[in-house]
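Biologist: I have a structure open on my screen and would like to learn how to read it. Could you walk me through a few features, one at a time?

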Amino acid sequence: MTIGKKIRILRINREWTQATLAEKLNISPDTVQKWEVEKNTPPLAALKDIAQILDTSVAILSDDEMDIVEYQLLGQYDVFSDRIIISDSQHQVYYANLRRSAHLHRFINSGGIFYSSICIGSKEIWSCERKHEKLMIDAWNNQCPV
């Protein structure tokens, strides 16, 4: 998988636009777009900043043999019927290549804070603020007993 594809997937997994990533890197959205469609490759100095902002490493970004999982929206989650549906709900469920057939849930809690949780079926296993989502996923996939 190329650097451009990895940047795109990591950006989309965070629900950021190209403009959002560009703003965080202090560059133009056009530059991000060119990286993602592989018209240009980020210079090394930019690659370090990209890795830091996207919470990954330069090694992962630059190694074409390493892939990054793109979260796939499965639908909205209806907490009243305990099933995935298509609706205008603020609770979304993603396939994120989690162990034990778990799914990633993203929602806004009652305090208005963006949260994420890992659920198996209707049972919530772990949850955290969205900004810590990657740590939670890494812990689930790498450290939890089967």
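This is a predicted model: local features need pLDDT of at least 70, side-chain atom pairs count only at pLDDT 80 or more; totals for chains, interfaces and linings use all residues.

Biologist: What do Arg106 and Glu133 form with each other?

Modeller: Here is the general idea: side chains of opposite charge can pair when their charged atoms come close. A salt bridge is counted when a side-chain nitrogen of Lys or Arg is within 4 Å of a carboxyl oxygen of Asp or Glu. Arg106 and Glu133 form one, with their closest N and O atoms 2.7 Å apart. Because Arg106 belongs to strand E4 and Glu133 to helix H6, this pair ties together parts 27 residues apart in sequence. Helices (H or I, at least four residues) and strands (E, at least two) are DSSP runs, numbered from the N terminus.

Biologist: Which other residue forms a salt bridge with Arg106?

Modeller: Glu15 does, and the closest N and O atoms of that pair are 3.0 Å apart. The pair links distant parts of the chain, since Arg106 is in strand E4 (residues 103–108) and Glu15 is in the loop between H1 and helix H2 (18–25), 91 residues apart. Arg106 is buried, at a relative accessible area of 2%, whereas Glu15 is partly exposed at 41%.

Biologist: How many salt bridges does the structure hold?

Modeller: There are seven. Another one joins the side chains of Lys134 and Asp138, at 2.7 Å from N to O. Lys134 and Asp138 are four residues apart in helix H6, so about one helical turn separates them. Lys134 is partly exposed, with a relative accessible area of 29%, and Asp138 also counts as partly exposed, at 29%. Salt bridges with shared partners join Glu15, Arg106, Arg130 and Glu133 into one network.

Biologist: Now a helix. Which residues of helix H4 are buried?

Modeller: In H4 (residues 44–53), the buried residues are Ala46, Leu47, Ile50 and Ala51. They cover an arc of only 140° around the axis, which puts them on the same side of H4. That arc is taken from the directions from the helix axis to the C-beta atoms. On the other side of H4, Ala45, Lys48 and Gln52 are exposed.

Biologist: What do the buried residues of H4 pack against?

Modeller: Their partners are H1, H2, helix H3 (29–36) and helix H5 (58–62). Contact here means heavy atoms within 4.5 Å.

Biologist: How should I read backbone angles?

Modeller: Most residues other than glycine have a negative phi, and most peptide bonds are trans. Asp55 has a positive phi of about 55° although it is not a glycine. Asp55 sits in the loop between H4 and H5 and is partly exposed, with a relative accessible area of 41%. Glu15, another residue other than glycine, has a positive phi near 60°.

Biologist: And pockets? What is the volume of the largest pocket?

Modeller: Rolling a probe the size of a water molecule over the atoms shows where empty space is left. The largest pocket has a volume of about 730 Å³. A pocket is an open set of points on a 1 Å grid over the protein atoms alone, where a 1.4 Å probe fits, with protein on both sides within 12 Å along at least five of seven lines; lining residues have an atom within 4 Å of a point. The volume is the space filled by probe spheres set on the points, which are joined across faces, edges and corners.

Biologist: Which residues are closest to the centre of the largest pocket?

Modeller: Of the 28 residues in its lining, Leu10, Arg14, Asp55, Tyr71 and Lys134 are closest to the centre. Helix H1 (3–13) and helix H6 (133–143) each supply at least two lining residues, and the largest share, seven residues, comes from H6.

Methods:
Residues are numbered from 1 along each chain as its sequence is written. Side-chain values use heavy atoms; hydrogens and water are left out. Buried means under 20% relative accessible area, exposed over 50%, partly exposed in between (1.4 Å probe, protein chains only).
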